[in-house]
Amino acid sequence: MTRDSRKTPTGRSRATSRPSARPRRSGTGRTTSVRTAPGKAATGTRAVRKTRSPRSMRRLAVVGALIVFLAVVIAPTVRSYLSQRQQVAKLQAQVAAQQADVKSLRAEKAKWSDPKYVEAQAGQRLGFAKPGKTLTVYVTDGTSGAGVAKRANQSQTWYGTLWRSVVSSGEH
């Protein structure tokens, strides 16, 4: 049987004869004690500083490198996923708008398939009438107050409207 530092069934380490074998410590780091200089006031206190072992530092470095690697690998994937989700939502909204447009066009088509609706539109828009029917057309002279003002506003150019608003603002 070789001498080593394996644990006994009770959980304690065996004593070894190797000079490098040291008893294990609990915890991840080791402690370093710092003594005060002899000329200084000896208060009897010892500053204890906990340092990490090189092994735990390597582990931290490996974990940190792994986290950075995963961030570099995953970030573009997440960004493209989010942009694709936005595109899908935008396209779904576009499809819904087009479906509503198709529905209104189908309703319009159904109206125009009715002959009575076509007759009414022809009489109203084009002034047509079937033979034997009387068509009445009212012609106004265009001097009524509201109609003239409305036509005047429609015939104004944008710069004429702008100039008129400037002139009216100076009158106050």
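**Exercise 1. Decide whether K130 is buried, partly exposed or exposed.**

Solution. Start with the cut-offs: buried means under 20% relative accessible area, exposed over 50%, and partly exposed in between (1.4 Å probe, protein chains only). K130 has 47% relative accessibility, so K130 counts as partly exposed. Know your model: it is predicted, local features need pLDDT of at least 70, side-chain atom pairs count only at pLDDT 80 or more, and totals for chains, interfaces and linings use all residues. Residues are numbered from 1 along each chain as its sequence is written, and side-chain values use heavy atoms, with hydrogens and water left out.

**Exercise 2. Find the salt-bridge partner of K130 and say which parts the pair ties together.**

Solution. Take the rule: a salt bridge is a side-chain nitrogen of Lys or Arg within 4 Å of a carboxyl oxygen of Asp or Glu. Now apply it. K130 pairs with E119, and their closest N and O atoms are 3.0 Å apart. E119 sits in helix α2 (residues 115–126) and K130 in the loop between α2 and α3 (145–155), so the bridge ties together parts 11 residues apart in sequence. Next, check E119. Its relative accessibility is 37%, so E119 is partly exposed. The count for the model is 1 salt bridge.

**Exercise 3. Describe α1 and locate its bend.**

Solution. First, length. α1 has 59 residues and reaches 86 Å from first C-alpha to last, close to the expected 87 Å. Second, the bend. The bend at a residue is the angle between axes fitted to the seven residues ending there and the seven starting there. α1 bends by about 30° at I74, and P76 follows within four residues. Third, one side chain. F69 lies in α1 (residues 54–112). At 53% relative accessibility, F69 is exposed.

**Exercise 4. List the elements of the chain in order.**

Solution. Count them: 4 helices and 2 strands. From the N terminus, the order is β-β-α-α-α-α. Buried residues make up 3% of the 172 residues.

Key
The expected span of a helix is 1.5 Å times one less than its number of residues.
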